[in-house]
Amino acid sequence: MDIVLSFIGLVVTAPFLMAVWAVGLFDTGSPLFRQERVGRHQKPFTLVKFRTMKPGTASVATHLADTSAVTGFGRFLRKSKLDELPQLWNVLKGDMSLVGPRPCLFSQHELIDERARRGVFSVRPGITGLAQVRGIDMSTPALLAETDSTMLASFGLADYFRYILLTLAGRGAGDRIRSN
């Protein structure tokens with residue numbers, strides 16, 4: 001399902017992706033952002049997103065980032081969740097799923113420990129999931145890991161499509177960024 005839907009998503013949104021890339025090029029000079037994240041079985045993979053922060057911003061969890069680092073166009077991308085679209089490539093490659101726990105950074109030790117304890121790393125990380133549609137972000141590691149575990153305990157095909165549709169409908173606030 002992931003491969004078919006991500007391929008269709010990339011083909012259908014290709015003109016739009018190119019337009020966002022072009023605007024991002026003018027906004028930051030470097031429209032794509034790559035970052036090593038924790039994948040299935042805690043193996044590293046390179047996540048691809050549209051850049052929403054100024055180049056050179058410290059590579060930290062979003063809730064630890066400074067709001068002044070986010071560009072004007074980046075705010076729009078974050079609010080609309082369009083910054084996530086390049087992750088369809090990660091799904092097509094098999095690094096991620098459309099639905100699953102959001103991939104964290106290797107520096108997020110508390111979240112990694114909580115997820116490992118609950119068996120969350122047995123699945124591919126996802127672009128969206130239960131925590132995202134409920135507005136739970138990485139600033140609350142225990143709650144996030146518990147929500148991920150709850151989602152996986154009863155996960156089925158109907159849930160897969162429900163989380164995708166809720167995300168497309170704008171459910172969830174996305175990761176919070178600290179205020180100055």
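Are R102 and E84 buried or exposed? Both R102 and E84 are buried. Buried means under 20% relative accessible area, exposed means over 50%, and partly exposed lies in between (1.4 Å probe, protein chains only).

This is a predicted model, in which local features need pLDDT of at least 70, side-chain atom pairs count only at pLDDT 80 or more, and totals for chains, interfaces and linings use all residues. Residues are numbered from 1 along each chain as its sequence is written, and side-chain values use heavy atoms, with hydrogens and water left out.

**Salt bridges**

Side chains of opposite charge can pair when their charged atoms come close. Here a salt bridge is a side-chain nitrogen of Lys or Arg within 4 Å of a carboxyl oxygen of Asp or Glu. The count by this rule is eight salt bridges.

| Salt bridge | Closest N to O distance |
|---|---|
| K93 and D95 | 3.3 Å |

Helices (H or I, at least four residues) and strands (E, at least two) are DSSP runs, numbered from the N terminus. K49 and E84 are both buried.

R102 lies in the loop between β3 (97-99) and α4 (109-117), E84 in the loop between α2 and α3, and the two are 18 residues apart. A network of salt bridges links K49, D83, E84 and R102.

K93 pairs with D95. K93 is partly exposed, at 46% relative accessible area.

**Helix packing**

Two packed helices are described by the angle between their axes and the distance between the axes. Helix α1 (residues 2-28) and α2 pack at about 145°, with axes 9 Å apart. Axes are lines fitted to C-alpha atoms, for helices over the stretch in contact, and angles run from 0 to 180 degrees between N-to-C directions. On α1 the contact (heavy atoms within 4.5 Å) uses V20, V23, G24 and D27. On α2 the contact uses F73, G74 and L77.

**Around S97**

S97 belongs to strand β3. S97 is buried, at 8% relative accessibility. Residues touching S97 include D2, V91, R124 and Y160. S97 and D113 are 16 residues apart in sequence and 21 Å apart in space, C-alpha to C-alpha.

How values were computed
Lists of a residue's contacts leave out its neighbours within four places in sequence.
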